[in-house]
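This report describes a protein chain by its sheet, its helices, its nonpolar core and its charged side chains. The sequence and the structure are shown first.

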Amino acid sequence: MSTEVAFFTVKAGTEEDFLKVFRDKVVDLFRRGGAEKIRVYRSLVSPNQFVKTGEWRSREARLTDFVGSPLYQEFLALMGPFLDAPPSLDDYDTVYRD
């Protein structure tokens, strides 16, 4: 299992629209691309800051089944208008779970 963690800074004033598009359209793209779990967290201090986690079978599966497919271009097209800067992301392996 691989967990992708992405940090988004959303343009001020577009946060609710960002969340609506994410819930209504983007989650489906991730699921079709093989994501097993998706979570979005919003900063309590900076409300235009979000963290998205996605669990995938492996990093390679995410890169092949999502990033390497047309789904990724759809994701970029949907999210791009809301982002203040490109998201930063990294992949993590679970080393402890309670």
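The sections below describe a predicted model.

## The sheet

The sheet is open and is built from 4 strands in the order S2-S3-S1-S4, with antiparallel pairing. S2 and S4 stand at the edges; each has a single partner strand, so one side of each is left without a neighbour in the sheet. On average, neighbouring strands are turned by 20° against each other, direction ignored.

The pairing of S1 with S4 is antiparallel and comprises 6 bridges. Within this pairing, Ser2 has Asp93 in S4 as its bridge partner.

## Helices on the sheet

Helix H1 packs on the sheet, where it touches S1, S2 and S3, and its direction makes about 165° with that of S2. Helix H2 also packs on the sheet: its contacts are with S1, S3 and S4, and its direction makes about 135° with that of S4.

H1 also packs against H3, at an angle of about 175° and with the two axes 10 Å apart. H1 is therefore roughly antiparallel to H3, since an angle over 145 degrees counts as such. On the H1 side, the residues that meet H3 are Phe18, Val21, Phe22, Lys25, Val26, Leu29, Phe30 and Arg32. Their counterparts in H3 are Leu71, Glu74, Phe75, Leu78 and Met79.

## The nonpolar core

The largest nonpolar core holds 20 residues, and those that touch the most other members are Phe18, Phe30, Phe75 and Met79. Two or more residues come from each of strand S1 (2–9), H1, S3 and helix H3 (70–79). H1 gives the most to this core, with 7 residues.

Phe75 may be considered individually. Apart from neighbours within four places in sequence, Phe75 is in contact with Phe8, Val26, Leu29, Phe30 and Phe66.

## Salt bridges

Side chains of opposite charge can pair when their charged atoms come close. In this model the count comes to 10 salt bridges. One of them joins Arg42 to Glu16, with 2.8 Å between the closest N and O atoms. This pair links distant parts of the chain, as Arg42 is in strand S2 and Glu16 is in helix H1 (residues 15–32), 26 residues apart. Arg42 is partly exposed, at 33% relative accessibility. Glu55 and Arg97 form another salt bridge, in which the closest N and O atoms are 3.8 Å apart. Glu55 is buried because its relative accessible area of 12% is under 20%. Arg97 is exposed because its value of 54% is over 50%.

A further salt bridge lies within a helix. Asp28 and Arg32 meet through their side chains at 3.4 Å, N to O. Both residues lie in helix H1, 4 residues apart, which is about one turn of the helix. Asp28 is partly exposed at 38% relative accessibility, and Arg32 is likewise partly exposed, at 48%.

## Two loop residues

Which loop contains Asn48? Asn48 lies between strand S2 (37–42) and strand S3 (49–56). With a relative accessible area of 19%, Asn48 counts as buried because the value is under 20%. Not counting residues up to four places away in sequence, Asn48 touches Phe8, Thr9, Val10, Ala12 and Glu15.

Arg57 is located in the loop between S3 and helix H2 (59–67). Is Arg57 buried or exposed? Arg57 is exposed, with 54% relative accessibility. When neighbours within four places in sequence are left aside, the contacts of Arg57 are Met1, Ser2, Glu36 and Asp65. The C-alpha atoms of Arg57 and Val40 are 19 Å apart in space, and the two residues are 17 residues apart in sequence.

Conventions. Residues numbered from 1 in each chain as written. Predicted model: local features only at pLDDT ≥ 70, side-chain atom pairs only at ≥ 80, totals over all residues. Heavy atoms only, no water. Buried < 20%, exposed > 50% of the residue type's maximum accessible area, 1.4 Å probe, protein only. Contact = heavy atoms within 4.5 Å. Salt bridge = Lys/Arg side-chain N within 4 Å of Asp/Glu carboxyl O. Core = buried A, V, L, I, M, F, W, Y, C linked by side-chain atoms within 4.5 Å. Pairing = 2+ DSSP bridges. Axes fitted to C-alpha atoms, helices over the stretch in contact; angles between N-to-C directions. Parallel < 35°, antiparallel > 145°, perpendicular 65-115°, else oblique.
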